[in-house]
Amino acid sequence: MKYVLKSMHSIVFIIGSFLVLFSAGRFVVPNVLSQSGWAIQIAVSLLLFSISILYDDWFVYELVIFAGLIAYTGVVFVNTKVAQPVVLVLVIISMRRITPETVMRNVFIVQSLLLIVNLTLYHFGVLYNYTSGPLSKHSFGFRSPNQLGVTILQLVVILLFLSFKGFFHRRPLLIRALAMLYFGILLILLYLSGSRGSEISAVVALVVYISLFLIDKIGMSVLRTLYSSVAIIPFILSLVTLSDSVNQVGSLLYKLNQILTTRVALGNQFFHEYGISMFGQDVVYHLGFSAGTTYAFLDNEYLVYLINYGIVATAIFVGYILLLTNKVVITKRYGLLIAILPFAVYGFVEQGAGEAWVNFSMLFSSVFFIKNTAVSQNNMEV
């Protein structure tokens with residue numbers, strides 16, 4: 001019975017995640033699906049949570065931790081009118097007995113299917129291409145170029161993980177050739193998307209991938225320091241960008257703001273507009289003409305947490321990333337860093353690093369709750 005429920009959990013995750021992401025497509029004609037995005041997210045997260053309750057036992061410490069988190073995100077929802085933290089916590093809890101390898105297998109299926117469906121529907125005119133920026137960024141059916149970019153980023157990260165674990169070395173030559181072809185197509189689409197955040201994060205994933213082959217030459221303490229630094233630096237830099245020097249011509253922040261297409265200045269403007277609260281506040285993503293721009297959106301997940309969700313939520317979010325990083329290093333599951341660290345960097349330049357349907361490394365909660373850390377990382381179990 002437990003096996004059936006666990007399999008059902010994977011099926012619900014695959015179908016539910018696809019519907020959540022597909023409903024955000026750039027439809028030519030609005031429909032019921034495209035207008036029900038948040039309802040679908042809440043329904044899927046509740047269903048995943050309910051199934052997980054049925055197929056697994058609960059320990060007292062788990063009940064205490066999860067009850068506290070759910071209650072806290074409820075408070076955040078009341079203050080912010082945003083359900084994203086509640087959804088994320090419910091999905092993370094539901095994954096406490098699902099291995100990261102299984103999470104990645106399911107995400108790979110979802111994102112590959114989404115990419116194929118969106119590109120096909122774009123070709124037939126059901127979805128349209130949203131372009132933006134001086135470099136002609138393309139969405140090819142996705143809501144924005146950045147959403148196309150992060151879809152590709154997820155697929156690139158998973159392919160690199162599989163390569164690091166030797167998954168393709170044991171496969172026939174045809175499979176390896178198809179994997180290389182797919183990887184090449186993904187890189188081309190990533191370039192065409194013009195999504196700077198996803199491009200930077202893909203480079204980080206590649207650097208982490210290469211660095212992991214040097215593990216035997218680096219001590220454990222050095223590893224923990226190195227990778228923990230990569231996990232925390234984006235958050236520290238996010239705090240630095242709140243400085244008013246971003247508006248001083250010639251300053252380092254001013255130059256960084258130009259490189260990141262005004263993202264830094266926008267974060268500074270939201271900070272001055274709303275300030276920081278302890279338990280979150282209702283943030284309206286439109287500052288009006290007084291902001292000096294027609295585009296007013298926080299393209300930094302750390303600042304979204306800090307300004308929108310509050311100090312406590314930010315501490316939990318950043319702390320969770322650091323705990324994940326340290327846990328996989330301690331248990332020598334180094335390949336998981338290929339997923340965790342790029343999304344830590346992604347959070348500095350884009351929203352989405354705190355969403356269950358985007359940053360799938362947040363769903364690696366089983367590293368804390370499955371005691372047998374020697375689980376085969378090549379076994380894509382259900």
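**Entry 1: a charged cluster**

I began with Arg97, which forms a salt bridge with Glu62, the closest N and O atoms being 2.8 Å apart. I kept in mind that this is a predicted model. Next I checked where the partners sit: Arg97 is in the loop between helix 4 and helix 5, while Glu62 belongs to helix 3, so the pair ties together parts that are 35 residues apart in sequence. Are these two buried or exposed? I found that both Arg97 and Glu62 are buried.

I then looked up Arg96, and its side chain also meets that of Glu62 in a salt bridge, at 3.5 Å from N to O. Arg96 lies in the loop between helix 4 (84–94) and helix 5 (100–123), and Glu62 in helix 3 (residues 60–80), so this pair ties together parts that are 34 residues apart in sequence. Arg96 and Glu62 are both buried.

**Entry 2: the other salt bridge**

How many salt bridges does a search of the whole structure find? I noted three. I checked the exposure of each partner. Glu101 has 0% relative accessibility and counts as buried. Arg333 is buried too, with a relative accessible area of 6%. Going back to my opening cluster, I saw that salt bridges with shared partners join Glu62, Arg96 and Arg97 into one network.

**Entry 3: the nonpolar cores**

I turned to the nonpolar side chains. The largest nonpolar core has 100 residues, and Leu212, Trp357, Phe360 and Phe364 touch the most other members. Which helix gives the largest share of this core? I found helix 6 (residues 145–164), with 13 residues.

Leaving out residues up to four places away in sequence, Phe360 touches Val103, Met104, Val107, Gln154, Val157, Ile158, Ala339 and Phe343. I also noted a second, separate core of seven residues, among them Val246, Leu253, Ala265 and Val349.

**Entry 4: helix 14**

At 1.5 Å a residue, the 13 residues of helix 14 should span 18 Å, and the end C-alpha atoms are 19 Å apart, which agrees. How many residues of helix 14 are buried? I counted 13 of the 13, so helix 14 is largely enclosed by the rest of the structure.

**Entry 5: a patch on the surface**

I wanted something on the outside as well. Val75, Ile276, Met278, Phe279 and Ile311 form a nonpolar patch on the surface, with about 410 Å² of accessible area together. I followed up on Val75, which is in helix 3. Val75 is partly exposed, because its relative accessible area of 38% falls between the 20% and 50% cut-offs.

**Entry 6: Ser45**

My last stop was Ser45, in helix 2 (residues 37–55). Ser45 counts as buried, at 1% relative accessibility. What does Ser45 contact, leaving aside its neighbours within four places in sequence? I found Val87, Leu90 and Val91. I also compared the position of Ser45 with that of Arg143: the two are 98 residues apart in sequence and 22 Å apart in space, C-alpha to C-alpha.

Terms used. Residues are numbered from 1 along each chain as its sequence is written. This is a predicted model: local features need pLDDT of at least 70, side-chain atom pairs count only at pLDDT 80 or more; totals for chains, interfaces and linings use all residues. Side-chain values use heavy atoms; hydrogens and water are left out. A nonpolar core is a set of buried Ala, Val, Leu, Ile, Met, Phe, Trp, Tyr and Cys residues joined through side-chain atoms within 4.5 Å. Buried means under 20% relative accessible area, exposed over 50%, partly exposed in between (1.4 Å probe, protein chains only). Helices (H or I, at least four residues) and strands (E, at least two) are DSSP runs, numbered from the N terminus. Contact means heavy atoms within 4.5 Å. A salt bridge is a side-chain nitrogen of Lys or Arg within 4 Å of a carboxyl oxygen of Asp or Glu. The expected span of a helix is 1.5 Å times one less than its number of residues. Patches are made of residues with over 30% relative accessible area and no salt bridge: like charges are joined within 9 Å, nonpolar side chains (Val, Leu, Ile, Met, Phe, Trp, Tyr) within 5 Å. Accessible areas come from the Shrake-Rupley method with a 1.4 Å probe; for residues, only the protein chains shown count as cover.
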